[in-house]
Amino acid sequence: MGPVAVGRYTVMDGSGNPVGTEEFRCAPGPMGWRYFSDVETSVPEPHHEVIDLTVDADWRPVRTRIQTGSHEIELSASTDRLSGFLDGLPVRFPWGLEHHLDYLSPAFNAATTNRLSATGDIDVVYLDPVTCEPRSVRQRYELLGSDEVATPVGRFAAVRWRYTAMSSGWSRDLWVAADVVVRYEDVFELAWYEPGASGPLPRS
């Protein structure tokens, strides 16, 4: 058994239609938790992405790097700013302990839900798909409680959340077992999974 959890998601378009895959590995580390993945998707056109996210022991983002072929962003978080480079040009965003970071990967949902202890509306720096352009948005995570959820790789004891994008009202439920999003309605489906030494174990 390896030291890290590894798996593959089927990536969907928000309406349940498959558009690609995301192969990942994640594990606790000396500073907190790290997630790395390779994405193949056909939206908005066929391309490859690399996603690398590190959070601290409180699940707050420390560093992230995203490469989408046509664009690349590298960001580091400090107490008052989120800064780095987008396509080689400096970017800087206001940042505080209450802020969250988001991109189209379950890594960011895992980090956010592990930080939250109750239902809440949160301030988010959202990186637009492919272009990685940062913008400020509001999101709502509603804690629905403990649940057992079926996935293609088995059943998991998980915590169920309801995510809502405040600007559009788009909303779906997701289930998080420890540090792995095991189901996200119409967005990500766990298609293959090995828990390693650190990941949550399926019940069947």
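Predicted model: local features only at pLDDT ≥ 70, side-chain atom pairs only at ≥ 80, totals over all residues.
**Stop 1: the whole chain.** Zoom out and show the cartoon. The protein chain has 15 strands and one helix. Its radius of gyration is 16 Å, close to the 17 Å that the globule rule gives for 204 residues, so the chain is as compact as a globular protein of that length. Along the principal axes, the C-alpha atoms fill a box of roughly 50 × 40 × 35 Å. Colour by accessibility next: 49% of the 204 residues are buried. If you display contacts with a separation of 6 or more, 43% of them join residues 24 or more positions apart. For the charges, pick out the 18 positive and 29 negative ones; their mean positions are 5 Å apart.

**Stop 2: the aromatic rings.** Now show the aromatic side chains. How many aromatic pairs does a search of the whole structure find? There are 11 aromatic pairs. One of them takes you back to where you started: tryptophan 33 and tryptophan 59 make a tilted pair, 5.0 Å centre to centre, with 45° between the planes. Tryptophan 33 sits in strand β3 (residues 32-41), while tryptophan 59 is in the loop between β4 (47-56) and β5 (61-67), so the reader can trace a link between parts of the chain 26 residues apart. Tryptophan 59 has a relative accessible area of 17% and is buried.

Slide over to phenylalanine 156 and tyrosine 193, an edge-to-face pair at 5.8 Å centre to centre and 70° between the planes. Because phenylalanine 156 lies in strand β12 (residues 154-165) and tyrosine 193 in strand β15 (residues 188-194), this pair ties together parts that are 37 residues apart in sequence. Are these two residues buried or exposed? Both phenylalanine 156 and tyrosine 193 are buried.

Stop 3: Select residues 106-115, helix α1. Nine of its 10 residues are buried, so the helix is largely enclosed by the rest of the structure. To see them, highlight Pro106, Ala107, Phe108, Asn109, Ala110, Ala111, Thr112, Thr113 and Arg115, the buried residues of α1.

Stop 4: Most residues other than glycine have a negative phi, and most peptide bonds are trans. With that in mind, go to the loop between β3 and β4, where you will find proline 44. The peptide bond that joins valine 43 to proline 44 is cis, and its omega is near -5°.

Move on to the loop between β7 (81-86) and β8 (89-94) and select aspartate 87. This residue is not a glycine, yet its phi is positive, near 55°. Aspartate 87 has a relative accessible area of 40%, which makes it partly exposed.

Finish in the loop between β10 (120-127) and β11 (134-151), at valine 130. Here too phi is positive, at about 70°, in a residue that is not a glycine. Is valine 130 buried or exposed? With a relative accessible area of 13%, valine 130 is buried.

Terms used:
Residues numbered from 1 in each chain as written. Heavy atoms only, no water. Helix = DSSP H or I, 4+ residues; strand = E, 2+ residues; numbered from the N terminus. Rg over C-alpha atoms; globule rule 2.2 N^0.38 Å. Buried < 20%, exposed > 50% of the residue type's maximum accessible area, 1.4 Å probe, protein only. Contact = heavy atoms within 4.5 Å. Lys, Arg positive; Asp, Glu negative; His and termini not counted. Charge placed at Lys NZ, Arg CZ, Asp CG, Glu CD. Phe/Tyr/Trp six-rings, centres within 6.5 Å; stacked < 30°, edge-to-face > 60°.
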